[in-house]
Amino acid sequence: MIRQAALLALALFARPVFAQAPSCHIPEHVTAPPIAAPDGPARNLPITHYVLALTWAPDFCATHGGTADAMPECDLHGARFGFVLHGLWPDAAHGTWPQWCPAKAPATLQVPADVTRGMLCTTPSPALIAHEWAKHGTCMAPRPEVYFTQSAAMFHALHLPDMAALSRRAHLTAGDLRSAFAEANPLYPRAAIGVATGEGGSLQEVHVCFDRRLRPAACTERGMADTAPLRIVPQGR
């Protein structure tokens with residue numbers, strides 16, 4: 001469960017960086033997204049650690065930009081995002097995780113419009129915001145605003161490496177990206193950085209791992225091995 005002390009401590013280190021986007025235009029009027037429908041069984045399990053999942057938007061847009069699943073970050077008339085926050089996920093032992101936990105009050109199952117609006121420069125999809133709260137946030141926070149304040153603070157506390165330079169590097173590997181994240185964030189060991197790739201070794205996500213007290217910790221699943229070739233779709237393509 002998120003504790004208020006940890007929330008405030010992380011917020012102190014939050015940086016005013018919005019998902020590596022040169023600009024972010026938030027609509028003046030934002031409505032509350034519909035409550036997300038479960039995509040699996042409810043599991044209320046003891047939390048042993050957490051994963052902060054960052055999606056590399058240029059890769060997502062390259063593979064989804066022409067489909068109905070495309071998110072607003074793929075709109076060429078808006079901000080061209082780099083990393084965006086997929087979500088903060090609670091994990092449990094033995095390769096499983098809590099999900100779709102019952103809300104303490106039915107009204108809290110829907111993310112309010114003001115909370116949604118406040119997240120759009122970090123997670124630029126109202127549908128994803130609703131999904132992350134209903135699937136993951138309900139298992140670790142009493143209300144949507146607590147969950148999203150926590151996850152946004154953790155995301156903005158990260159120093160992101162120079163992805164443009166990395167995308168131009170010849171013979172890039174997953175280990176190179178881990179090293180770049182660790183160098184930019186000295187308190188985060190390389191073992192706390194997971195790398196997920198798609199077809200052809202293209203970077204999809206970076207997973208930053210924490211223990212149950214929200215301190216950087218080794219990932220139980222690190223994704224690609226250090227020696228795996230890695231391709232980074234450039235931002236702004």
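Analyst: The link of Cys 209 and Cys 219 is right-handed, with 100 degrees about the S-S bond. Because Cys 209 belongs to strand β4 (residues 203–211) and Cys 219 to the segment after β4, this pair ties together parts that are 10 residues apart in sequence. In this predicted model, the sulfur atoms of Cys 209 and Cys 219 are 1.9 Å apart, and the cut-off applied to such a pair is 2.5 Å. Both Cys 209 and Cys 219 are buried.

The count comes to 2 disulfides, and Cys 101 and Cys 139 form one of them, with their sulfur atoms 2.0 Å apart. This pair links distant parts of the chain, 38 residues apart. Cys 101 lies in the loop between β2 (83–91) and α3 (113–119), whereas Cys 139 lies in the loop between α4 (126–135) and α5 (144–156). The torsion about the S-S bond of Cys 101 and Cys 139 is about 100 degrees, and therefore this disulfide is right-handed.

As to accessibility, a residue is classed as buried when its relative accessible area is under 20%. Cys 101 has 6% relative accessibility and so counts as buried. Cys 139, at 10% relative accessibility, counts as buried as well.

How values were computed. Residues numbered from 1 in each chain as written. Predicted model: local features only at pLDDT ≥ 70, side-chain atom pairs only at ≥ 80, totals over all residues. Heavy atoms only, no water. Helix = DSSP H or I, 4+ residues; strand = E, 2+ residues; numbered from the N terminus. Buried < 20%, exposed > 50% of the residue type's maximum accessible area, 1.4 Å probe, protein only.
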